[in-house]
Amino acid sequence: MTFTVAPCANLEEFGQAVFAIGQYFALDPTSERMERFSQNLPLERMHAAREDGVIVGGAGAFPFEMTVPGGTVPTAGVTVVGTFPTHRRRGVLRAMMRAQLDDVHDREEPVALLWASEETIYGRFGYGMASLAGSIELPREYAAFARPFAPEGRLRFVEAEEAAQLFPRVWNAVRRRTPGMLSRTRAWWEFRILFDPPGHEGGAKRFVVLERDGRPEGYAVYRHKPNWENGVSNSELEVVEAIALDGRATAEVWRYLFDVDWAARITAFLLPVDHPLLFLLATPRRMRMRVGDGVWARLVDVGAALSARSYAADGAVVFDVIDDFCPWNTGRWRLADGVAKRSQASPQLRCDVTALGSAYLGGFRFSELVRGGRVEELRRGAAARADAMFASERAPWCPEIF
Ligand SMILES: CC(C)(COP(=O)(O)OP(=O)(O)OC[C@H]1O[C@@H](n2cnc3c(N)ncnc32)[C@H](O)[C@@H]1OP(=O)(O)O)[C@@H](O)C(=O)NCCC(=O)NCCS
């Protein structure tokens, strides 16, 4: 069976294409919701797969700027990918991935990024696991810090309108130095972060800002879900997002979140694996941090992507890259002085493009990938050299599923 895949021409098609993933999320693509969603996902970035003119699948891509070590890179944030259950396993996803990656390549976005619903889906299209994300569930009685702590800032509640002014200042400062963090437009703040659909079962979103000398240094978005059992509060405080400029501000924001009365436990998802809480808390084991795959990255243009980031060590390495889905990347690439160029030199590391996606943000080392059977070391010492070059000061962090 062949399917045609093309960008959506209007909001009605957009809604039908998004309804593919909506099938699995119990999501009703009302025109109001689609209007809101399309504020961040331009119609031409939403591909629809059709059979005999009828939409049977959809795949979108947000235009992001992603932080990489030493800079930023235009990145396609792949989203709302779905095939109607009536058409599964007949090649709809493959056709959509083909059209989407060709489009991303034409747009000169060197990288594509996504959150995978299942780890088995995207490797065949060149995506590799690029970061780890931790979720925590801390009983409040174990929320003491290891060291004495005296807050220096002031916390106060803000309404969405003021949050839209203050939070981006903190976000932008942190994202510029954190690989994997993404740019946010005003519409992104308004319709995704600060928007709160009424009647959420986890409680309403609360917005709190931390200020020192009148300047925002951190913020938190959280929900407090009340629950009483036998006269005792068993409520959950769910941290949606907590971002702060430095270690001290991070400690202040989390101290606040841990101390809210009635919360029996504090939960958070999508934390980076180098989160300061591991050292702030006296009993970090009590967070029961569960670590799983975070974002997946695909180098759509190997040369441009590798040249868009900076490197932590001097040296050169020659890769022999295999990329069956985007064959324009296949072949040898020499990376030296921060630039990747086509080369005839003897290859030192051979790998599928997925392994470059895994190493790109510094989340995984080549030596790990060698041991895991994803990279072949053809010249001894090449993996260690590449590890030193690709190292990142911070673990990659993408605080939000998009
Ligand atoms: C995942 C999903 C999009 C796959 O769509 P599809 O149209 O059935 O996929 P295709 O028929 O094009 O399959 C392409 C390839 O992926 C494989 N594949 C598809 N879904 C897979 C899955 N869930 N796990 C493992 N492999 C999968 C197919 O076997 C096929 O392999 P091949 O290239 O070796 O032949 C579809 O099942 C779906 O909508 N699932 C629910 C929503 C979802 O998970 N979306 C992804 C969000 S990140």
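The buried residues of helix H9 are Val 353, Thr 354, Ala 355, Leu 356, Gly 357, Ser 358, Ala 359 and Tyr 360, where buried means under 20% relative accessible area (1.4 Å probe, protein chains only). After H9 comes Gly 362, with a positive phi near 90°. This is a predicted model, in which local features need pLDDT of at least 70, side-chain atom pairs count only at pLDDT 80 or more, and totals for chains, interfaces and linings use all residues. Residues are numbered from 1 along each chain as its sequence is written, and side-chain values use heavy atoms, with hydrogens and water left out.

Now for the ligand. Around it sit 19 residues, and Val 81, Arg 89, Gly 91, Arg 94 and Ser 117 come nearest; a residue is near if one of its heavy atoms lies within 4 Å. By class, this shell has eight nonpolar, five polar and six charged residues, with Asp, Glu, Lys and Arg counted as charged, Ala, Val, Leu, Ile, Met, Phe, Trp, Tyr, Cys and Pro as nonpolar, and the others, Gly among them, as polar. Helix H1 (11-25), strand E4 (71-83; a strand is an E run of at least two) and helix H3 (92-106) each supply at least two shell residues.

Oxygen atoms of the ligand also pair up with protein atoms: a polar side-chain atom of Arg 94 lies 2.7 Å from one, and a backbone N or O atom of Gly 91 lies 2.8 Å from one. For Val 92, a backbone N or O atom lies 3.4 Å from a ligand oxygen. The protein covers 76% of the 900 Å² of accessible area that the ligand has on its own, by the Shrake-Rupley method with a 1.4 Å probe.

Technical notes
Polar contact = N/O pair within 3.5 Å; in protein donor to acceptor, adjacent residues only side chain to side chain. Helix = DSSP H or I, 4+ residues; strand = E, 2+ residues; numbered from the N terminus. Buried < 20%, exposed > 50% of the residue type's maximum accessible area, 1.4 Å probe, protein only.
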